[in-house]
Amino acid sequence: MTDLGLRLTVDGPVARVVLDRPEVRNAQTPAMWSALSDFGASLPDEVRVVVVSGEGPSFSAGLDRNLMMGEPVDGQEPLLTLGKKPAAELDELIAHFQAGFSWLRKPELITIAAVQGHAVGAGFQLALACDLRVITPDAKFSMREPALGLVPDLGGTQPLVQLVGYSRALEICVTSRWVEADEARQLGLANIVVPADELAATVKDLTDAVLTPLVGAVRETKALLLGAADRPYEEQLQAERQAQSRRLAELIAAFG
């Protein structure tokens with residue numbers, strides 16, 4: 001499926017999202033977010049891994065600059081005109097935008113961002129929506145929204161705090177500075193940094209490794225880890241017991 005600057009494909013247990021607007025460094029539009037939301041909602045049950053990447057030298061330069069400058073793109077409203085909508089309508093609209101990213105956090109999926117070059121604003125938040133990030137030495141991240149008088153609103157704030165801590169997340173956001181590859185690895189934003197010519201092969205190896213365990217074990221483990229920071233220790237122990245009970249029941253049903 002090719003639509004609105006995206007290539008969306010499913011091959012057995014692996015789905016791929018390719019941002020495909022290299023002429024504008026894969027700048028994003030709300031129409032792309034809607035298409036991403038629809039794609040996530042329509043994935044077959046057998047999909048276990050989603051790989052997100054960008055065509056060309058950059059992962060994504062963020063929201064299309066023309067939309068920020070007040071110019072329509074393919075009939076889509078400029079950013080500032082959205083602020084004229086009634087509060088309830090605007091809230092619903094932003095929630096719809098967020099849905100293009102939030103499905104990547106579902107426990108039943110392991111999501112991998114393959115990042116090269118710029119990952120700015122919405123591009124940074126798309127990478128943060130993924131569970132794992134494999135990046136190249138030229139990768140650089142920036143949360144540009146505060147520099148434009150806006151806030152990050154595509155779901156990136158929580159995973160950023162979870163990865164680097166509140167203080168560092170605040171500093172990265174309010175300064176809108178660049179976080180380059182070496183620092184990203186040190187902070188935990190990147191799982192691994194590999195040469196550009198090894199990016200595809202490394203993501204393939206990681207995908208194969210993720211697909212090796214039984215799907216139920218991966219799903220339950222991701223759900224446990226996603227909720228771990230918000231649960232008291234005793235509740236986490238209980239969640240582990242409940243998850244293990246479900247796994248044992250499923251294994252008995254499957255293998256007797």
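Helix α7 (residues 166–175) contributes the largest share of the nonpolar patch, namely three residues, helices (H or I, at least four residues) and strands (E, at least two) being DSSP runs numbered from the N terminus. The structure is a predicted model, in which local features need pLDDT of at least 70 and side-chain atom pairs count only at pLDDT 80 or more, whereas totals for chains, interfaces and linings use all residues. Residues are numbered from 1 along each chain as its sequence is written, and side-chain values use heavy atoms, with hydrogens and water left out.

The patch consists of Val161, Tyr166, Leu170 and Val174, which together have about 390 Å² of accessible area on the surface; accessible areas come from the Shrake-Rupley method with a 1.4 Å probe, and for residues only the protein chains shown count as cover. Patches are made of residues with over 30% relative accessible area and no salt bridge, nonpolar side chains (Val, Leu, Ile, Met, Phe, Trp, Tyr) being joined within 5 Å and like charges within 9 Å. Tyr166, placed in helix α7, is exposed, with a relative accessible area of 58% (buried means under 20%, exposed over 50%, and partly exposed in between, with a 1.4 Å probe and protein chains only). Phe39, in helix α1 (residues 30–42), is buried at a relative accessible area of 6%.

The whole structure holds 13 salt bridges, each defined as a side-chain nitrogen of Lys or Arg within 4 Å of a carboxyl oxygen of Asp or Glu. In one of them, Arg7 pairs with Glu55, with the closest N and O atoms 3.3 Å apart. This pair links distant parts of the chain, 48 residues apart, with Arg7 in strand β2 (residues 6–11) and Glu55 in the loop between β4 (49–54) and α2 (65–68). Arg7 is partly exposed at 30% relative accessible area, and Glu55 is likewise classed as partly exposed, at 32%.

Within helix α7, Glu171 and Arg168 are separated by about one helical turn because they are three residues apart, and their salt bridge has its closest N and O atoms 2.9 Å apart. A further salt bridge joins the side chains of Glu220 and Arg246 (2.8 Å, N to O). Here too distant parts of the chain are linked, Glu220 lying in helix α10 and Arg246, 26 residues apart from it, in helix α11 (residues 233–255). Glu220 is buried at 10% relative accessibility, whereas Arg246 is partly exposed, with a relative accessible area of 40%. Salt bridges with shared partners also connect Arg168, Glu171, Arg177 and Glu183 into one network.
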